[in-house]
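The sequence and the coordinates come before the text.

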Amino acid sequence: MRVVYILGLFFLDHVQCVCFTMCLLFCRHSGRMALALSYKDIMESLRQRFDEIKDVFPVFEEIRSKHLLDTARSCAIIGCGYAEMELAFIEHCMPAMEMLTAVEPDADSVVELRARLAHQLPPTVKTAVFEDVAENWAAGTDRAFDVVIMFHCVSDIAEAERQPLFRRLFESVIQPNGLLIVTTRTARSDGTQSTESRIMEALNQRPYVDSKWYEDARRLISTVGFGVCFERRYSLNVNVENLDAAYFGFYARECDEPTSLEKVEQVVRSVIGDAKWSKKEFFFGVFRKPVLQS
Ligand SMILES: C[S@@+](CC[C@H](N)C(=O)[O-])C[C@H]1O[C@@H](n2cnc3c(N)ncnc32)[C@H](O)[C@@H]1O
């Protein structure tokens, strides 16, 4: 694209140059919209629809008051995007942090992640960023951490990769007595099905059971040897007015088959109707690796 642009500028006069530039910018923008939004675009837009840090804060407070992470010095944040929630958690609950490793495959998120780490962490904290998927990074790292954090990313990891990943975390990536922290969606306490599951059922034509998200992760984590240390449910309200491409892009990523944003939009609008708010519930789970492994 850059070469075409420079050649164009070389051969065209001033007015033609302006038109040419606008034309290229339009193609670039619309091509990007049509192809795929980055995970960063999607998360930035979604996070404007709710204030998760405010709603999960009582859980952070409880963890802090129980001193669960007071002595943790090293931490890996996996599938962290640009780490908005992870950094809020670290700042509130991990006062002794000295070394932070971040693992995130989305290139756009990694750019923002590096900037946030530089601005938000004290200069005494050493950082390393890996633009990679969790399963590759975990297989290759020879480091062991006091804490590994996986906020809202277990379901992004291919199902077949999850147990080997948790096993690797248990066997070598987390220190004895270290913690694995996971947040993921769960069933609504009033028994109604979540909007997300209703949308995904309509798109993929297969059943979605909200409780499975956390139950499955918890079962796999326990199977490889971690013990449950602390669990809390929290909820948040998502504003579903003025739906945009990022909102539809989130569901498009989850489709079993490639599906156009137009099709996703049609399904999403039919499920959401005139609603302005939708409630989501999550589990915050802290799992401990025992000191003595059986
Ligand atoms: C729903 S976002 C959550 C981001 C962040 N943790 C938060 O809570 O805002 C899921 C993240 O997982 C990342 N991801 C997708 N596949 C992954 C994989 N195989 N390993 C690690 N991260 C992955 C995505 O790029 C995305 O940033």
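Is Gln205 exposed or buried? Gln205 counts as exposed because it has 8 C-beta neighbours inside 10 Å. A residue is called buried if 20 or more other C-beta atoms lie within 10 Å of its own, exposed if 12 or fewer, and partly exposed in between, with C-beta atoms placed from the backbone.

## Model and overall make-up

This is a predicted model, in which local features need pLDDT of at least 70 and side-chain atom pairs count only at pLDDT 80 or more, whereas totals for chains, interfaces and linings use all residues. Residues are numbered from 1 along each chain as its sequence is written.

The chain has twelve helices and seven strands. These are DSSP runs numbered from the N terminus, helices being H or I of at least four residues and strands E of at least two. Of the 294 residues in the chain, 32% are buried. Among contacts between residues at least 6 apart in sequence, 83% join residues at least 24 apart; a contact is a pair of residues whose C-beta atoms, placed from the backbone, lie within 7 Å.

Strand β5 (residues 174–186) is mostly covered, with ten of its 13 residues buried. Strand β4 (residues 145–151) runs parallel to β5 and is joined to it by six bridges. From β4 the chain crosses through helix α8 (residues 159–173) to β5, a right-handed β-α-β crossover. Right-handed means that, with the strands pointing away from the viewer, the path from the first strand over the helix to the second runs clockwise.

β5 also pairs with strand β7 (residues 277–288), in the antiparallel sense and over eight bridges; pairing requires that DSSP finds at least two bridges between two strands. Ile181 in β5 stands opposite Ile149, and Ile181 also stands opposite Val286 in β7.

## Nonpolar cores

A nonpolar core is a set of buried Ala, Val, Leu, Ile, Met, Phe, Trp, Tyr and Cys residues joined through C-beta atoms within 7 Å. The largest has 57 residues, of which Cys75, Ile78, Val148 and Leu180 touch the most other members. β4 gives the most to this core, with six residues.

Leaving aside neighbours within four places in sequence, Val148 is in contact with Ala76, Ile78, Leu169, Val173, Ile174 and Leu180.

## Surroundings of the ligand

Which residues come nearest to the ligand? Of the 19 residues around the ligand, they are Gly79, Gly81, Val133, Ala134 and Asp156.

By class, the shell holds eleven nonpolar, four polar and four charged residues. Nonpolar covers Ala, Val, Leu, Ile, Met, Phe, Trp, Tyr, Cys and Pro, charged covers Asp, Glu, Lys and Arg, and the others, Gly among them, are polar.

## Loops and helix α10

Most residues other than glycine have a negative phi. Gln205, in the loop between α9 (195–204) and α10, has a positive phi of about 55 degrees. Asn242, in the loop between β6 (227–239) and α11 (245–253), has a positive phi of about 45 degrees. Asn242 counts as exposed because it has 8 C-beta neighbours inside 10 Å.

Asp216 is found in helix α10 (residues 212–223). Asp216 has 16 C-beta neighbours inside 10 Å and therefore counts as partly exposed. The C-alpha atoms of Asp216 and Ser155 are separated by 9.9 Å, although the two residues are 61 residues apart along the chain.

Definitions and conventions:
A residue is near a molecule or strand if its C-beta atom, placed from the backbone, lies within 6 Å of it. Two residues are in contact if their C-beta atoms, placed from the backbone, lie within 7 Å.
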